[in-house]
Amino acid sequence: MPESLWARFADVVLTEIGRMWWIFLLSVLLVGLIKGYKLDLRIRDAVRRSGVIGIFIAIAVGMVSPLCACGILPVVISLAMIGTPLPPLLAILATSPTMGPDALLLTWRGLGGDWAVLKLVGSGVLGLAVGLATLLAQKKGWLGEDELKLRPVYREDGSLAPASEIGAAAGIRVRSMQVVPRDSRLRFIFDRSLDAASLTGRYLLLAILLEGVLVTLVPTAWIAGPLGHDSVWSPLVAAFVGLPLPANQIPVIPILAGLLDRGMDSAAAYTLLLAGPVSSLPAMAALAGIFRRRVLTLFLVVSLTVCVLLGLLLGLAG
């Protein structure tokens, strides 16, 4: 790569790191405080309520849980094993990968305040649409009350096994984090902040490097072609681009910043911002092992449809 391109690449990467480092530290501290004071667990206990109220509570839980599409799976499995209704379960699965307090701060810093608000509203609409569609499908008889493939696994003392063991019994690998109890709450908050920094920091750095490559090497015409036109097709293309990507909501922020800089349409960017994290293939593969086929079909169809419609609405408003 010519020296001028290296200089351009280094400038993009260092500028982005300079803009994001302090908000990254603030966001992982926020995650540590939420975990340290067990705020997510307190709200999570209320998710077992059925009906529309349970869906709204699930959306709130999803928004304060700083977990990706794969990270939320142990929570969903645990809730499913204690009889949580399907509509709030799927509402969490739609909301948590697309919104978290850390992601909100990083989106505000990386893409701007307008995008942070769009992300917050879009995530709420996505969770509500998936939850209500699931509730309607159950009332119409298209989905039954028991759509789980997994079954509870109990230990010798009669206690319910953790999600990783329940998943392993069904041949599903569920990623879980080892949490060491601490006498000091401050030390516990520090540990959880360190976990959050370790989990998201490496992907964020990788995404910033990818942003540098996009801005430096990818011709504008490559992006402006399929994703740069102000038409109905750009959100559709973005949804299908986002479907196979193992996109966590944190690293997708600098990637989108690079794509927008190369001419990506804002409607397509909005669709990709939501569709990428919620429909990644690794998470869908795990969901296929947890739920029956009709649940996965409904989740994917409703999620991608809502992401495309939100992108089109943004395009019309702009």
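Contact here means heavy atoms within 4.5 Å. The structure is a predicted model, in which local features need pLDDT of at least 70 and side-chain atom pairs count only at pLDDT 80 or more, while totals for chains, interfaces and linings use all residues. Residues are numbered from 1 along each chain as its sequence is written, and side-chain values use heavy atoms, with hydrogens and water left out.

View 1. Helices (DSSP runs of H or I, at least four residues) are numbered from the N terminus.

**View 2. Helix 3, residues 51-64.** The 14 residues of helix 3 reach 21 Å from first C-alpha to last, close to the 20 Å expected at 1.5 Å a residue (1.5 Å times one less than the number of residues). Its buried residues are Gly-54, Ile-55, Ile-57, Ala-58, Ile-59, Val-61 and Gly-62.

**View 3. Val-76 in helix 4.** Helix 4 spans residues 73-81. Val-76 is buried because its relative accessible area is 0%. Beyond residues up to four places away in sequence, Val-76 touches Leu-89, Ile-92, Leu-93 and Phe-291.

**View 4. Val-213 in helix 9.** Helix 9 runs over residues 185-217. Val-213 is partly exposed, at a relative accessible area of 33%. Its C-alpha lies 6.6 Å from that of Phe-9, 204 residues apart along the chain.

Note on methods:
Helices (H or I, at least four residues) and strands (E, at least two) are DSSP runs, numbered from the N terminus. Buried means under 20% relative accessible area, exposed over 50%, partly exposed in between (1.4 Å probe, protein chains only).
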